[in-house]
Structures are given as structure tokens and as C-alpha cells.
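Please read the following report with the sequence and the three-dimensional view side by side.

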Amino acid sequence: MTERDRERYSRQILFAEIGEQGQQRLLSSRAVVVGCGALGSFQAAALARAGVGEIVIIDRDYVELGNLQRQWLFDEADAAQGLPKAAAAARRLAAINSGVKVEPQVVDLNSHNAERLLLPATVILDGTDNFGTRYLINDVAVKHSLPWIYGGAVGSYGVMMPVLPGCSSCLACVFPEPPGGPQPSCDTVGILASASAVIASLQVADAIKIMTGRREAIEARLFSIDVWKNTQQSVGTAARRPSCRVCGERRFAYLEARRRRPISLCGRNAVQVHEKEEPLDLTKLRSTLERLGPVRANEYALRFECRPYEMTIFADGRAIIKGTEDLGIARSLYARYVGS
Ligand SMILES: [Zn+2]
């Protein structure tokens, strides 16, 4: 460790449970943050400040003004430019700590790319907002014995749980099925930044215990808190469920699902389409679309207005179509302007 590192991380090294040895382990760890919204942007900033050597940030979305209330890493310029969250986060993290290596991945995590993107990792942190992606992370984590930290927040409520494959319950032990019926989301009932920050902070604390080799300090539990009602609850999850489809029977249904469908981004009045398997030539597409309507571009994405809709098209072939929740309309716009 360099003298500069000793100075930079001095307060963390002074903390007896971490010490210089723990700090050295952090510097050689690789953490993967999946989803860079309210939870993920807090996690990524905390991990970079703590000196985690490599941080991978996976996010499919771009920064909007309405994110700034709770997504700590972003600013008005990011929203005005419509930068992808992973790219905006990487830029900001480089300014916070130039000593850590940040790898932004502007992609949708799916069954095709999950193992490539999530491996290798010392720990995975959940910053997603849906159970489909969480079950996919859980499949990869259990299959490869990788620890991960589940977390979610909505309104004034948040929940988190560390998953240590082989030692504690996995996500499917605790929630065998995704919650049924319409679930409250940040887009329907709002969210307090303090609720997401407390959950992200607890996720980072457990991630640091894992990365510094202090797993014994982790309590296997499903922890929930409501920062408005001033309530909290902790349910032990040390016992695995032997009949669990994932960690018991080792069936990885989400990882093995090979069909990719357009995904409706619930409550945002937008649909994501991802039917093309190959990357797009954005420069070429830009010159085509410019003849049809206003196009704004940065190195990661194009934004094309086709009123009343707006398409944001990414280099990996995805598009987010705003102004509709109809999958058919979204698909046909994609076919018309990007190709089928
Ligand atoms: Zn399980």
C-alpha cells in the first residue's frame, strides 16, 4: 500500500475491524453494482470512497431530471445531456477517486450476458427495481457461490438481505415467487431519498465485511425499515430451505431462460425494446434519422423525437420508447426507425 493510500484511507484503517490488511483486501476487490438508480448510485459512490479497487456499474437507463432528488452521483448537466447512468457515474467516480478502476456497462442485464457481466466478482450489490433481475442475479450468485446483497426501497420503506450461498437463505428461499399483483413502485407512490440511502448504506456495510474477509460479522437476516413510521424489523434467514428451487435443487430458471422479450417499464409511460442481437452503428443511424426529425446524440445513445413519442436508442441495439406502455406500438416504432 502506498503512503498516499495510507493517508487517504486512514480513518478506515484506524477502524480496528478493517485495519491495513482489510484495506489492502478492499483495494484488490471487485464489486459489481447492478442498477445505478437511488440504491446503486449511493453504493457506487460509497465503494469508490472506501477504495474498492474495481467497480463495475451495470445500468440500461439514462439520467433524467426526476432522478436528481435521490440519485446521489448525478447532476443537472448529466440530465440535460441525457447521459447513460453508468457512464455519468463512471465520470463522477473518477473525479471522486482516481485510484479505483470503474467499468461502466450501458446494457440491460439479461440471461444472455449475466454470467459474463457479473463474473468475476468479490461481491454483487443489488440496485435494481424488479424481481426478474434479482432472481437472475440470485441464479448466477448461487451457481457460482458468489455473495450478493439484495435491497429495495419505495416510499419511506426499505428492505435488505445479504445472501451468502451455501451459508444463508437465498432470495428464492425467502421469496419463492415474485410478489403478486401490482406492486407499489417509485413511479407510483414516490420515494424518500433517506429510505433508499439507509438501505444502500447497510448493503455497502455488508459488502465491506465480505470484501475485508469478515463474513462472521454479517447477520443473515431480512431487515426492513420505515423511516417515516419509525419502525424496523429483522427476520433471521440463516436456515436455507432444502426444497428451494435455486439453492436446494440448483435449477437456474432465470439464467437459463433464453427468450428475450420487450420489457414494459411499468409506471414510467415507457417501453424498452431489445430484439436485435447485434450492436448498432449509431453514426449511420443518426444520419438516417436526422432526415426525419430532431436527433440529439452523445457517444452512447441517440435521442430521436417522433411525436408523440421519443426514442432513446443505445449502441447495444436497445431502445427505450417514451410516451406509450403499449408493447405493440413500441415494437412497430422500433421496426420502423431502427429496423427489425
Ligand atoms: Zn434458496
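## Strands, cores and a zinc site

In strand S5, Trp-148, Tyr-150, Gly-152 and Val-154 point one way, while Ile-149, Gly-151 and Ala-153 point the other way, and all of these residues are buried. Buried here means under 20% relative accessible area, whereas exposed means over 50% and partly exposed lies in between, using a 1.4 Å probe and protein chains only. In a regular strand the side chains alternate between the two faces of the sheet. Strands, like helices, are DSSP runs numbered from the N terminus, with at least two residues (E) for a strand and at least four (H or I) for a helix.

This is a predicted model, in which local features need pLDDT of at least 70 and side-chain atom pairs count only at pLDDT 80 or more, while totals for chains, interfaces and linings use all residues. Residues are numbered from 1 along each chain as its sequence is written, and side-chain values use heavy atoms, with hydrogens and water left out.

Strand S1 is also mostly covered, with 5 of its 5 residues buried.

The table lists pairings between strands, where two strands pair if DSSP finds at least two bridges between them.

| Strands | Direction | Bridges |
|---|---|---|
| S1 and S2 | parallel | 5 bridges |
| S1 and S4 | parallel | 4 bridges |
| S4 and S5 | parallel | 2 bridges |
| S5 and S6 | antiparallel | 7 bridges |

Individual residues show how these strands line up: Arg-30 stands opposite Glu-54 in S2, and Val-33 has Leu-125 in S4 as its bridge partner. Leu-125 in turn has Ile-149 in S5 as a bridge partner, and Trp-148 stands opposite Val-163 in S6. S5 and S6 form a hairpin with 2 residues between them, and Gly-155 in the turn has a positive phi of about 60°.

S1, H4 and S2 make a right-handed β-α-β unit, and so do S4, helix H8 (residues 131–143) and S5. A crossover is right-handed if, with the strands pointing away from the viewer, the path from the first strand over the helix to the second runs clockwise.

A nonpolar core is a set of buried Ala, Val, Leu, Ile, Met, Phe, Trp, Tyr and Cys residues joined through side-chain atoms within 4.5 Å. The largest one has 46 residues, of which Leu-47, Leu-73 and Met-211 touch the most other members. Among the elements that give two or more residues to this core are S1, H4, S2 and S4, but H11 gives the most, with 7 residues. A second, separate core of 34 residues includes Ala-121, Val-142, Cys-170 and Leu-255.

Cys-170 also belongs to the metal site, where the zinc ion is coordinated by the SG atoms of Cys-170, Cys-173, Cys-244 and Cys-247 at 2.3 Å. Both Cys-170 and Cys-173 are buried. Donors are N, O and S atoms within 2.8 Å of the metal (3.2 Å for Na, K and Ca), and sites may look incomplete because water is not among the atoms. The site is tetrahedral, with angles of 95 to 121° among its 4 donor atoms; four donors count as tetrahedral if all angles lie between 85 and 135 degrees.

Finally, Arg-268 lies in the loop between strands S9 and S10. Arg-268 and Glu-325 are 57 residues apart in sequence and 8.2 Å apart in space, C-alpha to C-alpha.

Methods. Four donors count as tetrahedral if all angles lie between 85 and 135 degrees; four count as square planar and six as octahedral if opposite donors are over 155 degrees apart and all others between 65 and 115; anything else is irregular.
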